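Biologist: I would like to learn how to read a few features of this model. Could you take me through them one by one?

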Amino acid sequence: MYAYIYDCFSNDPKYGKLLHKIEKRLTDLNLNGKIVRLGISKNIKVAIDDEIRQGTKTIVAVGNDNTVSQAINAIVSNQSDEKNLVTLGIIPLDEKENKIAAAFGITTIGDACEILLARRLESFNLARINQGFFLFKAILSAPDSILEIDKNFIIHNLKPMIIEATNSPHLSAEDEQKKIKLRIYNDEGESLFYLRELLIVNSGASIIADDSWKIKTPARIKIGEDKIRVIVGKERHLN
Amino acid sequence: MMFKQETKETIREAETIIGPSVMVKGNFNSSGNIVIEGVLKGGVKTAGHVYIGDKANIVADIEAKSARVGGEVRGNLKIEDYLQVVSSAKIFGDVDCLSLSVESGAIINGKIVMSKDLPADKKEVKEQAEIDLEK
């Protein structure tokens, strides 16, 4: 059974026609499911928790990058082991703010429905950041940060720099390269490290994960065993 | 030339880069190439090449397969193969390597030992060569 999670912003009347078109197409493809509209009284975490508790095995995030990121976090926090993975589908409503969907090969609303029907499944590694998860990048742009790497050494950035931790979502569990790539850069140059665990300490600054949600420092980022199973298009381009 | 001279460009595939605006404190172990352009305090150990930029400032013992030193190093260098010391280098510590080149202007304040701890296979080659010479 599918549960379609409509993000709050889709309640705007300007999306009415588009949602109607999507629903008609899903009916034509026999992909009907329960529609859950998010709003002030229902956030995405609560909605997905409820659906998974009721036995839903496929959650379709209808929205933008923020919707997909929050859906990933809610799904993974409900998964107990790899045998009971819940599948994530995506219907991108605003194509400009759907980089995650595009990386999964889902670029248009029309394609999204066909991709759900084809149900091509792939699992991707997630990186953990405190109690949350990210698929691609966590970025901090602030001076005076202290980074502790693999509990072995400490990095101080002497000047304002961008700190970028990149996950490798598509490497197998056995791959020794399954590490986080850490880039620290500004106009004067860059530093590069590959690591398994990183603690970022900075007074008051927030890290932006997957271009969509914020997390306060201190933040511990680490490679774990957490995965998300996604319905992807043929043209997915993840490393 | 027996040993390849690595430049910053030829080790683009560096596993680790310590850039000019960061300071690293602690022990740094790696299996790949390392570029150091910034400040490092602690220790470095790698099976690969270490490129130390002309403005780098290092207070650490360094162990590597090969190295190029351009900046200031306060610590001992234990290099398995080739050590290249360019004119801007200042080394305050002992150097142990198999092959060495030092440019005019470079400063080395320390003991230099060469071929002291040859790897087993190289020792055998050297001993065989000595036997052959005696014959």
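Modeller: Let's start at P218(A), which is in the loop between β15 (213-216) and β16 (219-231) of chain A. Helices (H or I, at least four residues) and strands (E, at least two) are DSSP runs, numbered from the N terminus. The model is predicted: local features need pLDDT of at least 70 and side-chain atom pairs pLDDT 80 or more, while totals for chains, interfaces and linings use all residues. Residues are numbered from 1 along each chain as its sequence is written, and chains are lettered from A and ligands numbered from 1 in the order written.

Biologist: Is R119(A) buried or exposed?

Modeller: Counting other C-beta atoms (placed from the backbone) within 10 Å, 20 or more means buried, 12 or fewer exposed, and in between partly exposed. R119(A) has 12, so R119(A) is exposed; D210(A) has 25, so D210(A) is buried.

Biologist: Which residues of α2 (44-53) of chain A are buried?

Modeller: An α-helix has 3.6 residues a turn, so residues three or four places apart point the same way. In α2(A) the buried ones are I44(A), A47(A), I48(A) and E51(A). Because they cover an arc of only 90° around the axis (taken from the directions from the axis to the C-beta atoms), they lie on the same side of α2(A). Their cover includes β1 (2-6), β2 (34-37), β3 (58-63) and α3 (65-78) of chain A. Just after the helix, G55(A) takes a positive phi of about 100°.

Biologist: How many residues of chain A are in contact with chain B?

Modeller: Contact requires C-beta atoms, placed from the backbone, within 7 Å. By that rule, 18 residues of chain A meet 16 of chain B. β12(A) gives the most to chain A's side, with 6 residues.

Biologist: Which strand of chain B pairs with β9(A)?

Modeller: Pairing takes at least two DSSP bridges. β9(A) pairs with β2 (22-30) of chain B in the antiparallel sense over 5 bridges, and F153(A) stands opposite G26(B).

Definitions and conventions. Two residues are in contact if their C-beta atoms, placed from the backbone, lie within 7 Å.
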